[in-house]
Amino acid sequence: SSLGLPTIVARNTMMDAMADSVFLPLVGRTVDSREAALEASSAEGADFLVITDGVTHSEELFRLLSEQVKLPIFLEAGSRMNGMQTNLDLLKSGASGIVLSVTDLNALGIASFDVLFHKKIVDGVNGKSAVPTLNGLEEKEQLFIERERATLLEVIDVIQRAAAPLIGDISLLKDAVSQLDDPFLLVIVGEFNSGKSSFINALLGERYLMDGVVPTTSEITFLRYSESHVDGQRCERHPDGQYVCYIPAPILKEMIIVDTPGTNVILKRQQRLTEEFIPRADLLLFVMSADRPLTESEVVFLRYTQQWKKKIIFVLNKSDLFRNEDEVEKIVSFVEENVRNMLNAENVTLFSVSSRIALEAKLSGFSGPYPGFNKFDVLEKYLYSFLDPSTSNGVERIKLKLETPVKIAQQIMNSSRKLAEEELQRAKEDLVSVNDIFASVEEYALKMEGESISWKRKISSLIDNAVARAIKLVESSLKLSNVDIVTSYILSREKYVQMPVSLSLQNEVMAPAFSEAQKLVGEYCLWLHSSSSRKANFCRDSFEKRWPFVVASVQSQVEANQLLRTKHEEGGVRVVADFSVAAAARLFDQEIRQVFVSTYGGLGAAGLSASLLTSILPTALEDLLALGLCSAGGYLSIFNFPARRKRAVEKVKRAAEALRREIEDGMDKDLSESQNRLRRSVWLFGGPYREMAEERVDRIATTLNEIADADGKLSNLHREI
């Protein structure tokens, strides 16, 4: 508003706030007087003006400003119906638009505004509206334009969602849609010094444009119709960057002529301007110099234009350079044949002209036909036939005008589809990569399972060695000849004393084995933790390196890190820690005692004496004599001794096997827990990547469906045109 920030501050503030945007901010000023408007447009540098609602004599103020200010002028409208009618009248007189708040629109009544707008503006299109439009259209064609515009806006919406990299082409399509009912757009292209400017001057009948041997057109120039001015023309740059010259040439009442820089200019920016403007053309007029037709740059440019499938009229300028008609015909045939082959076209529309002679003739009052090989009058008649809706060319003019945005949309849609398909392929590859990472976790878990077997084998081997040594001690201790064990440790009346054999088992067999088992199980748990952490960190690095723009939630990252730091020791370590070497040795001691007690208790006194004798008599015969002294019951006890010794050995084996299973179960539990921690941690920071990849695949697939639907609508639209 007039009470707000200075224009430059407002513009810089918006630009700073939207630094990554492709749009440039516009700053307007509300004004209520001529002085305020002049100040805003010159000193402040506003981009547009808004005449405030309630200004007295707003019609007079607008007309005054429209002559003195070269900025778009909008009219602020309130909820008063009479004020709205005045503004709509001014809109027909050239105002850029009406500013209306939603509140005022509701108060006015949308239906009332709609009726009033169509009565004042839309209906005026077919009457004597001051706004230049595509003339000669029937009501059916006007309705078709509105339907085409609606369809194209839907297509633009689809393309914007589908292909952000095509933002420049989308702007091109938006321009073409906004100009659907603008006058016919005739775009003049060709190399510099081919005579484009002299051709336009000859067509307009006055020397409006400069021509020469150096490039004279440095940018896209729109030639529009206007009533006569003192100097014959008025040129200005519009806020959207267009350079427009208003010229009182009759042909411009029905079409806009666009002059472009040469296709072979030194400045690439100028050539790019020409190339980027081609899609907007309704009809291309390609000017070539007869002394050098179809140069390399012209061939390259013509091939470029074909991606937009534009209708092209070829003009062979400077035909006055040739001495006779045969030379001209040879050049014409050469151009027609090469263009036909190059563009794969059956018919080529080509006129040989001398723009210089035609302009000189017009300036001297001569209207044709022109002498020599100059077909300029034929070309003029051909172009004017496009302006007559009753002719076939006039019908084609309307068709070309309606086709322009459709062809642009189809071209962009093809590019959008290609981009979307490429993006879908990349998205699918990303999803496969994400799933491969998760699959690698399962493969790694199986690998850990396989490697854990070798750790269990080490533990098993340790237990087997300890068992073998324990069995050897059992077998060497449980002999009938070991009467000293019986007398010293079993039949002794002294306090319980642990036998040497059990002490040997405890200190020489079980204690070293237990220490080694503790070390192995500890190393096993450390291996599990380091292996799972290493794999989890590798997966996380893989995710972050490939998709750095995806960030897992802070909570997920914290939870995953905690999982990786936690050392689980509920299995094998605890089993080993709970095992008591001393208690096992006492159990072994008790088992040895039990075997001896069961054996010698059945012998009785006589049997025990015989047994004692066998231990001191030197020969086997004497042993037999001693045993002969045993009773029948004693004999049975001695006979069962080997079986009791075997059962003792089996008990040792069973105890060892139970311990082995318990340790292995604990190790399996540790393994399972480590695998689950690995899976859980990878899922915590990898889940968002999978969700992103899946969502991206689904989104792009949906976009491709939308593109297919929009493409179908464009095809139907093209068929109707």
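Which side chains meet in a salt bridge at 2.2 Å, N to O? Lys362 and Glu380 do. Before I go on: this is a predicted model.

Back to the pair. Lys362 sits in helix H13, residues 355-363, and Glu380 sits in helix H14, residues 376-385, so the bridge ties together parts that are 18 residues apart in sequence. Lys362 has a relative accessible area of 22%, so it counts as partly exposed. Glu380 is at 11%, and that makes it buried. The cut-off for buried is under 20%.

On to the other salt bridges. The structure holds 18 of them. Take Glu154 and Lys713, whose side chains meet at 2.7 Å, N to O. This pair links distant parts of the chain. Glu154 is in helix H7, residues 139-162. Lys713 is in helix H23, residues 641-720. They are 559 residues apart. Glu154 is partly exposed at 41% relative accessibility. Lys713 is partly exposed too, with a relative accessible area of 41%.

Next, Lys311 and Glu396. Their salt bridge is 3.5 Å, N to O. Again, distant parts of the chain are linked, 85 residues apart. Lys311 is in the loop between helix H11 (296-305) and strand E11 (312-317). Glu396 is in helix H15. Lys311, at 22% relative accessibility, is partly exposed.

There is also a network. Asp320, Arg356 and Glu360 are linked in it by salt bridges.

How many cavities of 30 Å³ or more does a search of the whole structure find? It finds 2.

Now a buried residue. Leu65 is in helix H3, residues 58-68. Its relative accessibility is 0%, so it counts as buried. What does Leu65 contact, leaving aside its neighbours within four places in sequence? Arg34, Ala37, Ile51 and Ile73. Of these, take Ala37: it is 28 residues from Leu65 along the chain, with 7.5 Å between the C-alpha atoms.

Last, the surface. Leu5, Ile8 and Val9 make a nonpolar patch of about 260 Å². Val9 is in helix H1, residues 7-17. Val9 has a relative accessible area of 35%, so it is partly exposed.

Terms used:
Residues are numbered from 1 along each chain as its sequence is written. This is a predicted model: local features need pLDDT of at least 70, side-chain atom pairs count only at pLDDT 80 or more; totals for chains, interfaces and linings use all residues. Side-chain values use heavy atoms; hydrogens and water are left out. Helices (H or I, at least four residues) and strands (E, at least two) are DSSP runs, numbered from the N terminus. Buried means under 20% relative accessible area, exposed over 50%, partly exposed in between (1.4 Å probe, protein chains only). Contact means heavy atoms within 4.5 Å. Patches are made of residues with over 30% relative accessible area and no salt bridge: like charges are joined within 9 Å, nonpolar side chains (Val, Leu, Ile, Met, Phe, Trp, Tyr) within 5 Å. Accessible areas come from the Shrake-Rupley method with a 1.4 Å probe; for residues, only the protein chains shown count as cover. A salt bridge is a side-chain nitrogen of Lys or Arg within 4 Å of a carboxyl oxygen of Asp or Glu. On a 1 Å grid over the protein atoms alone, a cavity is a set of points where a 1.4 Å probe fits but cannot get out, and a pocket is an open set with protein on both sides within 12 Å along at least five of seven lines; lining residues have an atom within 4 Å of a point. Grid points are joined across faces, edges and corners, and a volume is the space filled by probe spheres set on the points.
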